[in-house]
Structure formats: C-alpha cells, structure tokens
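Thank you all for coming. I would like to walk through one model this morning, going from the sheet to the helix and the cores, and ending with a few backbone details.

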Amino acid sequence: SAGIYIDGGRNIKITRNRTYSNGTGIEVGNEQNGNTSNMIVAGNLLYQNQVAGLAVGGYDSKTTGQVLNSIFVNNTLFQNNTLLEGTGEIVVTKASGCLIENNIFCTNTQNLFYSLNPILPQSGNIINYNCWFTAGQNPSNIQVNYLSASYMAFGTYQQITNQDKQSLFSDPLFANAALNADFHLQASSKCLNAGNTTVIKDINATNFDGMPLISGGNVNIGAY
C-alpha cells in the first residue's frame, strides 16, 4: 500500500508531504485502460518505505494504462526499499513524457538507485539534475536496473543510458537524517543552487518549508 496513491488522475499536485514506513511512499499509477497525466509531485520527503519511495507508471501489459507528461521534482528520498528486495528508491514502469529532476536519492546498503522495468510503452522520460548517493559512498559500486540491463558504475550508467548527465554523485550533507529525519541541507552541500529551474513550471512553487523553490534565480536539489 502507498502512503499517497493516485490512479487515473489529471492535473493534480502532490506537494510538501512526509511519507515513511508505508509499502510505497507515493505511487502515481494507472491500473486499468487509459492514463494518468499532468501530475506534479514536488517538495516531498519519502523515506524508509518498504518497496520504494516513489512508484510511477502502469504495470499491467494487458492494459493501455500508463502515466503521461508528469513532473517529479525537488523531492528527497532516503533509504527506501527497506525489504531489500531489489527495487531501489524509485520504480518506473509504463510511463512516457515524464521528468524526474532536482531530486535527492540516498540508498540503503543495496546501493541501488532505481529500477526502470522492461514493460512497454515507455518513451521520452528524462532523468537529470538529481543528486545520488549510496551507503557504500562509491560511484563505481552502484546499481541501476535499466530495462533489461543493469549498470554497476555511475559513469557507465550515464554514458550508456544518456540519463542523469548533469546529475551529481555526492553526499547531500543532510542536517541530521539518521537521528530525526532532518533533511535540511548543510551550508557546504553541493545540492545548493545546483538544480534545473526550467522544470519548475509554477512560479509560486514552494519547498517543504513553504519557501519559494526558486530563489535568486536558482533552485536547490531536494525538497529544501
């Protein structure tokens, strides 16, 4: 079960939520024929959920259901997939035209970023300007399940998939994630002012604290 679940929705914003210890933190899907479209998922804290922090897409190959033209930006995901079953922080299935940008993803000991499952249709999804970090702290010891392939080094994954080309592998330097789930960024974090402002379609969009996402013409990576 998901903390927040959308199926068949249109033009819905899911913002500034804290969701943890669920099956999935937030799921935007479409189980039957048709589509879920033009969703905005922004400024959320998704941590220590059992299966994944975020799930996107339809999953039944026998239906036309998929997620279209949706934006997943400026969220912070931390040590999800507590069941350690090989999903990662985010799982993507039947989705097209979606943007996944300006997010922080910190894995558990699996060092597994995400899974893009080999189920069609999928096209035009862009994953970029994110910050990735693993419990192992080694960019050459990661895992991405990307369609029918798995990549074990961050550079190889970037080069072959052409995703996350402007993304970071870096400790985001949270204020105190482990003890009290404080995901504010320390002053020396590389996530500060490192995001892509062009994906922020709402000029009034705010971060988890309710402050403007874009400040001084810049946007941070993550929910703060």
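Let me begin with a convention: two strands are said to pair if DSSP finds at least two bridges between them, and the strands themselves (E, at least two residues), like the helices (H or I, at least four residues), are DSSP runs numbered from the N terminus. Please keep in mind that this is a predicted model, in which local features need pLDDT of at least 70 and side-chain atom pairs count only at pLDDT 80 or more, while totals for chains, interfaces and linings use all residues. Residues are numbered from 1 along each chain as its sequence is written, and side-chain values use heavy atoms, with hydrogens and water left out.

With that in place, look at strand β6, residues 40-42, and strand β10, residues 71-73, which run parallel and are joined by three bridges. Within that pairing, Val41 has Phe72 of β10 as its bridge partner. These two strands belong to an open sheet of five, ordered β2-β6-β10-β14-β17 and paired in parallel. At its edges lie β2 (13-15) and β17, each of which pairs on one side only. From one strand to the next the twist averages 5 degrees, where axes are lines fitted to C-alpha atoms, for helices over the stretch in contact, and angles run from 0 to 180 degrees between N-to-C directions.

Let me turn to helix α1. Which of its residues are buried? They are Phe154, Tyr157, Gln158 and Thr161, where buried means under 20% relative accessible area, exposed over 50%, and partly exposed in between, using a 1.4 Å probe and protein chains only. These residues sit on the same side of α1 because they cover an arc of only 95 degrees around the axis, the arc being that of the directions from the helix axis to the C-beta atoms. On the face turned away from that buried side, α1 carries the exposed residues Gln159 and Ile160. The cover over the buried residues of α1 includes β16 (112-116), β17 (126-128) and β18 (131-133), along with β19 (143-146), β20 (149-151) and β21. After α1 comes Asn162, with a positive phi near 65 degrees.

Now the aromatic residues. The structure holds 15 aromatic pairs; rings of Phe, Tyr and Trp (its six-membered ring) pair if their centres lie within 6.5 Å, and planes under 30 degrees apart count as stacked, over 60 as edge-to-face and the rest as tilted. One of them is the tilted pair of Phe154 and Phe169, at 6.0 Å centre to centre and 50 degrees between the planes. This pair links distant parts of the chain, since Phe154 lies in α1 (residues 154-161) and Phe169 in strand β21 (residues 168-169), 15 residues apart. Both Phe154 and Phe169 are buried. Phe174 and Phe183 also form a pair, this one edge-to-face, with 5.1 Å between centres and 85 degrees between planes.

In soluble globular proteins, nonpolar side chains tend to be buried together. Here the largest nonpolar core has 47 residues, and those with the most contacts inside it are Tyr114 and Phe183; such a core is a set of buried Ala, Val, Leu, Ile, Met, Phe, Trp, Tyr and Cys residues joined through side-chain atoms within 4.5 Å. A second, separate core of nine residues includes Ala42, Ile200, Ala205 and Leu213.

Finally, some backbone details. Most residues other than glycine have a negative phi, and most peptide bonds are trans. The bond from Leu120 to Pro121, however, is cis, with omega near 5 degrees, and Pro121 lies in the loop between β16 and β17. Pro121 is among the residues touched by Ser96, as are Gln66 and Asn125, contact meaning heavy atoms within 4.5 Å. Ser96 itself is in strand β13 (residues 95-96) and counts as buried because its relative accessibility is 7%.

Is Ser21 buried or exposed? Ser21 counts as exposed, because its relative accessibility is 53%; its phi is positive, near 60 degrees, and its place is the loop between β3 (18-20) and β4 (24-29). Asn38 likewise has a positive phi, of about 55 degrees, and is found in the loop between β5 (35-37) and β6. With a relative accessible area of 37%, Asn38 is partly exposed.

Terms used: Lists of a residue's contacts leave out its neighbours within four places in sequence.
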